Amino acid sequence: MNDLENRQHAKFMGVRGFGVTHSADFPNTSLGSQLFAALAASITQLDTHAATQVSGFGSAHEATSNKSVTRQALRDALKAISRTAEAIAEDTPGFADKFRVPPVGNDQNLLHAARAIAANAAPVAAQFISHELPADFLADLNTDITDFEAAFNQQTASVGTHVSAGASIDQAIADGLKIVKKLDAIVRNKYANDPATLAEWTSASHTERSPRRKKSTTPPPQPPPHTA
């Protein structure tokens with residue numbers, strides 16, 4: 001969660017604490033008691049979504065690193081096949097046309113091209129092997145394709161989890177703020193003649209301000225001395 005979301009979470013915790021302290025003043029059947037219970041549920045949801053968001057972010061970061069490694073392995077394998085196809089094309093014009101490596105920048109195109117190259121290489125594998133590609137180069141290529149696709153899908157899913165959790169956090173905070181607004185009216189009415197408890201409520205239900213940045217103490221540059 002960002003700084004504002006953390007400060008709102010702290011506000012909800014303060015309000016929940018107030019409700020626990022003064023629970024005897026709010027019977028279970030009262031609207032106030034129900035709202036304090038609803039806020040506690042919102043806090044639980046918020047904590048769950050926050051944990052999911054952190055987990056999704058970590059998984060996305062890991063998947064991005066894995067995707068980079070598997071992408072490079074796949075491109076290296078395709079380049080070796082393409083390079084060999086160019087050599088074969090010296091005696092078989094046009095042979096290399098089916099083994100072009102796509103330009104960098106689009107992972108989906110890379111996967112499509114890799115699958116096409118694997119399919120095109122299968123019937124003529126012997127020619128590649130005769131040029132000293134490993135006998136299992138096609139099996140290795142298909143493994144590289146599978147690994148890269150898995151990393152691609154993992155990253156997509158992890159980013160989706162992170163984004164979804166962020167949206168859920170927004171909703172949980174919106175719900176919590178609505179509950180606190182309702183409680184504010186109830187508490188102020190109930191303790192209208194109790195300044196000490198009202199002051200406690202005000203302290204519990206306010207949102208901390210974000211810390212201000214310190215102003216730079218570096219003096220401004222001075223103009224050069226005037227010379228006649």
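Q: Which residue forms a salt bridge with Lys67?
A: A salt bridge is a side-chain nitrogen of Lys or Arg within 4 Å of a carboxyl oxygen of Asp or Glu. This is a predicted model, in which local features need pLDDT of at least 70 and side-chain atom pairs count only at pLDDT 80 or more, while totals for chains, interfaces and linings use all residues. Residues are numbered from 1 along each chain as its sequence is written, and side-chain values use heavy atoms, with hydrogens and water left out. The closest N and O atoms of the pair are 2.9 Å apart, and the partner of Lys67 is Asp107.

Q: How many residues apart are Lys67 and Asp107?
A: Helices are DSSP runs of H or I with at least four residues, as strands are runs of E with at least two, numbered from the N terminus. Lys67 belongs to helix α2 (residues 31–88), whereas Asp107 belongs to helix α3 (residues 107–121). The pair thus links distant parts of the chain, and the separation is 40 residues.

Q: Is Asp107 buried or exposed?
A: Buried means under 20% relative accessible area, exposed means over 50%, and partly exposed lies in between, using a 1.4 Å probe and protein chains only. Because the relative accessibility of Asp107 is 15%, this residue counts as buried.

Q: What is the N to O distance in the salt bridge of Arg71 and Asp107?
A: The side chains of Arg71 and Asp107 meet in a salt bridge, and the N to O distance is 2.8 Å. Arg71 lies in helix α2 and Asp107 in helix α3, so this pair ties together parts that are 36 residues apart in sequence.

Q: Which residue in helix α5 pairs with Arg115?
A: Arg115 sits in helix α3, and its partner sits in helix α5 (residues 137–190), 34 residues apart. Arg115 counts as partly exposed at 32% relative accessibility. The side chains meet with 2.7 Å from N to O, and the partner is Glu149.

Q: At what angle do helix α1 and helix α6 pack?
A: Axes are lines fitted to C-alpha atoms, for helices over the stretch in contact, and angles run from 0 to 180 degrees between N-to-C directions. Angles under 35 degrees count as roughly parallel, over 145 as roughly antiparallel, 65 to 115 as roughly perpendicular and the rest as oblique, and α1 and α6 are therefore roughly antiparallel. The axes of α1 (residues 3–21) and α6 (residues 195–205) are 7 Å apart, and the angle is about 150°.
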